[in-house]
Amino acid sequence: KKHPNVKEATERAILQLRPFQQRASDRECIEVLNSQTVLRPFLVACSTKEPVLTVLALGAIQRLFSVNCVSPSSFSTIIGTLRVQAESHDDRVQLKILQTLLLATNPQSFQDHEDYSR
């Protein structure tokens with residue numbers, strides 16, 4: 001109720017992900033997970049500047065990186081969000097930022113995207 005924009009973005013992402021509950025092909029899943037619609041709720045949650053939401057959102061972004069589901073076009077947006085969040089004085093947020101940066105700078109983060117761009 002406090003953040004209707006987070007709720008709205010999340011509902012859009014859920015609608016886009018729902019068809020994959022029935023186990024669609026890996027390529028289709030990757031394409032949907034790479035979309036801005038899926039990433040947007042996490043970025044909006046980070047923009048609330050509420051530590052609890054930010055930590056949860058950064059954890060989800062970490063998960064997207066760990067399964068190679070962040071498109072190269074989203075990378076700069078995520079880094080920009082991390083840079084803004086770096087101003088936080090909350091230790092939990094700072095830790096999540098560092099963890100996310102480690103995953104983001106891993107060479108495997110974008111290795112598989114060459115296969116899907118063909």
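## Helix packing

The crossing of α4 and α5 is left-handed. This comes from a predicted model. The axes of α4 and helix α5, residues 72-85, come within 13 Å. They cross at roughly 150°. Angles over 145 degrees count as roughly antiparallel, so α4 is roughly antiparallel to α5.

## Largest pocket

What is the volume of the largest pocket? The value is about 180 Å³. The lining holds 12 residues, and the closest to the pocket centre are V6, T10, P41, F42 and A45.

Three helices each supply at least two residues of this lining: α1 (4-17), α3 (36-47) and α4 (51-66). Which helix gives the most? Helix α1 does, with five residues.

The lining of the largest pocket is made up of 11 nonpolar residues and one polar residue. No charged residue takes part in the lining.

## Confidence

The mean pLDDT of the protein is 79. Of its residues, 74% reach 70 or more.

Helix α6, residues 91-104, has the highest mean pLDDT among the elements, at 94. Helix α7, residues 113-116, has the lowest, at 47.

Conventions
Residues numbered from 1 in each chain as written. Predicted model: local features only at pLDDT ≥ 70, side-chain atom pairs only at ≥ 80, totals over all residues. Heavy atoms only, no water. 1 Å grid on protein atoms, 1.4 Å probe; cavity = no way out; pocket = protein on both sides within 12 Å on 5 of 7 lines; lining within 4 Å. Points joined across faces, edges and corners; volume = space filled by probe spheres on them. Helix = DSSP H or I, 4+ residues; strand = E, 2+ residues; numbered from the N terminus. Nonpolar A, V, L, I, M, F, W, Y, C, P; charged D, E, K, R; others polar. pLDDT = per-residue confidence, 0-100. Axes fitted to C-alpha atoms, helices over the stretch in contact; angles between N-to-C directions. Parallel < 35°, antiparallel > 145°, perpendicular 65-115°, else oblique. Left-handed = near helix turned anticlockwise from the far one by under 90°.
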